[in-house]
Amino acid sequence: WFALKWLWRLTYLSAIAGTGWVAYGIYESRHPADQADPDPNKKTLVILGTGWGSVSLLKKLDTENYNVVIISPRNYFLFTPLLPSCTTGTIEHRSIMEPVRNFLRHKKAAVTFYEAEATKIDYEKKIVYINDESDVKGATSSNEVPFDMLVVGVGAENATFGIPGVRENACFLKEVNDAQQIRKRIMDCCETSTFKDQSLEEIKRLLHMVVVGGGPTGVEFAGELQDFFSNDLKKWIPDIKENFHVTLVEALPNVLPMFSKQLIEYTEKTFKEETITIRTKTTVKNVTDKYIEAESTGPDGKKVLEKIPYGLLVWATGNALRPVVKDLMSQIPAQKDSRRGLAVNEYLVVKGTESIWAVGDCAIANYAPTAQVAAQEGAFLARLFNHMARTEEIETELKHLSHVQEVAPSKEKRDEAFAQIKDLQRRLRRVKRMGPFEYSHQGSLAYIGSEKAVADISWLTGNFATGGTLTYFFWRSAYLSMCFSTRNRILVIVDWVKAKMFGRDVSRE
Ligand code: FAD
Ligand code: NAI
C-alpha cells in the first residue's frame, strides 16, 4: 500500500513536470530573446540547404561568431523519416515541417535567410549565384552572395539512371510535394477505377500500385500503402477490394540490402502475409504512361522482358548528384575522380579547397547517405566553427597581451600580463585539440507495414537485430523523440490518434 501511494505520487509529480516542460517549450518558442544584428565585419559563413546536415549545424552554431547567411529553396526543415506516412495521410505533411524562421529567431545573433536556389558556386571568386525559384518573383530574382566560408548541404536528387520515361511518368518520394502528389494519385486511381463501365483490364491496371527500388524508401512506402488499403480504402471503397495490389520491384536478389539477413527474410515474409508482391532480380528498363518494361532473371538464369501495367508508379532507386554540386566538382582538380559526391577529408573540408565544407548526401565520407550521418556531420561542423572562432579570438587577445607586456611600465604589470598569456596559451592548446569527424552508428530502423518494424541496433559492443510489433513501438518512440520540436511532436501524436480513431482521410486533394 505504501509503495502504491509513492508510485501514485511519483506519477502525479511526473505528469506535472511533463506538462510544465511542454508548456515551457511552447512559451519559449513563442517568445525568444531579442537578437543581435548580423555583423558584416565578421567573416561571412554561407550555408546552402535547410536539410538534416545544414539545420543540425545551425542548431549548434554560435551565430554571433560569424555573419551567417542561409540559402535554400525550402524555407523549412523536413523530417524525412516520417515522409512515407504523409503519402497515405497517416501523418499530415505540416506536422513534420519546421519553418526555418522559427528556429532562426532563437539564435543569439540574427541570421540572414534567402529562399533561393544556389545555381552556381564560383570557387575562385568565392561567390554563390542564387535564383529565386518561387512562384512569386520580385523585380530582382537572381543575385550573388560572396562568402569567406561555405558549407554545401544541398542533399541529392532522385536517381533515374537515364531510364526513359521515369521523369515524365513516375512519382518520387523526397519532398513534401512528392508525398502530396502520391496521395492525390492513389485516390485518383481508386476513384477512376470505379468509373461507370470501366473495363476489368483497366480496373486492374489502375489499381496496380508499383514501387521501384527495394531500399528503405520503397519498402516503407509499400508498407504504408498496404496499411492504407487494409485499414481504410477497402472499407470506404469496397469496389476496389478485389483488384487493389501493391508490387515492389527490386534489381538485386533481395530488398533492404543494408539490413541483416534475418531482417531481410522477416520483411519478405511479412510482405507476403500482407499480400505485397516482391519482384526481386527485376530491373526496370523503360517506363511509359501505362506500363513499365522490366527485365527479370529466372531461376535458370534466363532473362525475360515483360510489360507490367500500373496506375501509380513510385520511383525510389536512391540518390544522384545535384547540378550545382557537379559543377563545383568540375572546377576543382582534386575532385576529378570523385563520382558520387564531393570528396571530403576527415574535417569535412572539400578536398582541393580551403574554405568549403560539405555535409550530408552531397558529401562522400565513406558513410551511407542517411539523416543520421548528415545530422552528426552538421553537429561536428558547428563545434569546429565554434572552436575556430574561439581560436581566432584567443590569438587576437594574445597579440594584444604581448604588446601590453612589452610596454608595461612596471614589473608587476608585466607579470600580470605574463600570467594571462600563459592561461590563454593553455586554453588555446585545449581548443586546438579538436579531433576529426567520427561517425557513431546508432542503428537502422524501417517500418514494414501492419504495425511492424525492423531494427538493426548498435548495442554496446555488438549488433542487435529485431523485428515485429514491439520494434514498431520502438520505431514510433524513436522517431517521435527525434522530431525537430515540441510542436512537431504534438502534431505527429495528434495525427496518429486521429488516424486510429477516424481512419485516414480519403478525400483526393
Ligand atoms: P536534405 O535533408 O535532402 O536537405 C537538402 C537541402 O538542400 C534542402 O533544404 C533542399 O531544399 C536544399 N537544396 C537543394 N538544392 C539546393 C540548391 N541548389 N541550393 C540551395 N539549397 C538547395 N535517413 C535516416 O537516417 N533514417 C530514416 O529513417 C530516413 N528516412 C528517409 C525517408 C525518406 C522518404 C527519404 C527520402 C530519406 C530518408 N532518409 C532517412 C535519408 C535522409 O533523409 C537523408 O540522408 C538526409 O535528408 C540527408 O540530409 P542532407 O542535409 O544532406 O539533405
Ligand atoms: P537505396 O539506394 O537504398 O535503394 C535503391 C534500390 O533501388 C537499390 O536496392 C537498387 O538495387 C534498386 N534499383 C536501382 N535501379 C533499379 C531499377 N532500374 N529497377 C529496379 N530496382 C532498381 O535508395 P532509397 O531507399 O531511396 O534510400 C536512399 C538513402 O536514404 C539510403 O542511404 C537509405 O539508407 C536512406 N534511407 C533510410 C531510411 C531508414 O533508415 N529507414 C528510409 C529511407 C531512406
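Which helices and strands each supply at least two residues of the shell around ligand 2? In this predicted model, they are α8 (216-236), β14 (282-287) and β22 (443-449). Of these elements, α8 gives the most to the shell, with four residues.

The shell around ligand 2 holds 28 residues. Gly213, Gly215, Pro216, Thr217 and Gly318 come nearest to the ligand. By residue class, the shell divides into 15 nonpolar, 11 polar and two charged residues.

The domain assignment places ligand 2 in context. The protein is divided into domain 1 (32-156 + 321-387), domain 2 (166-319) and domain 3 (390-432). Both domain 1 and domain 2 give residues to the shell around ligand 2, so the ligand lies between them. The centres of domain 2 and domain 3, taken over C-alpha atoms, are separated by 67 Å.

An open sheet was also identified. Four strands make up this sheet, in the order β13-β12-β11-β17, and their pairing is parallel. Its edge strands, β13 (277-279) and β17 (312-315), each pair on one side only. From one strand to the next, the twist averages 20 degrees. Four bridges join β11 (residues 208-212) to β17 in the parallel sense. Within this pairing, Met209 has Leu312 of β17 as its bridge partner.

Confidence scores accompany the prediction. The protein averages a pLDDT of 94. A pLDDT of at least 70 is reached by 100% of the residues. For the model, ipTM is 0.98 and pTM is 0.92.

Technical notes: Residues are numbered from 1 along each chain as its sequence is written. Chains are lettered from A and ligands numbered from 1 in the order in which they are written. This is a predicted model: local features need pLDDT of at least 70, side-chain atom pairs count only at pLDDT 80 or more; totals for chains, interfaces and linings use all residues. pLDDT is the predictor's confidence in each residue, from 0 to 100. A residue is near a molecule or strand if its C-beta atom, placed from the backbone, lies within 6 Å of it. Ala, Val, Leu, Ile, Met, Phe, Trp, Tyr, Cys and Pro count as nonpolar, Asp, Glu, Lys and Arg as charged, and the others, Gly among them, as polar. Domain bounds come from an automatic or database domain assignment. Two strands pair if DSSP finds at least two bridges between them. Axes are lines fitted to C-alpha atoms, for helices over the stretch in contact, and angles run from 0 to 180 degrees between N-to-C directions.
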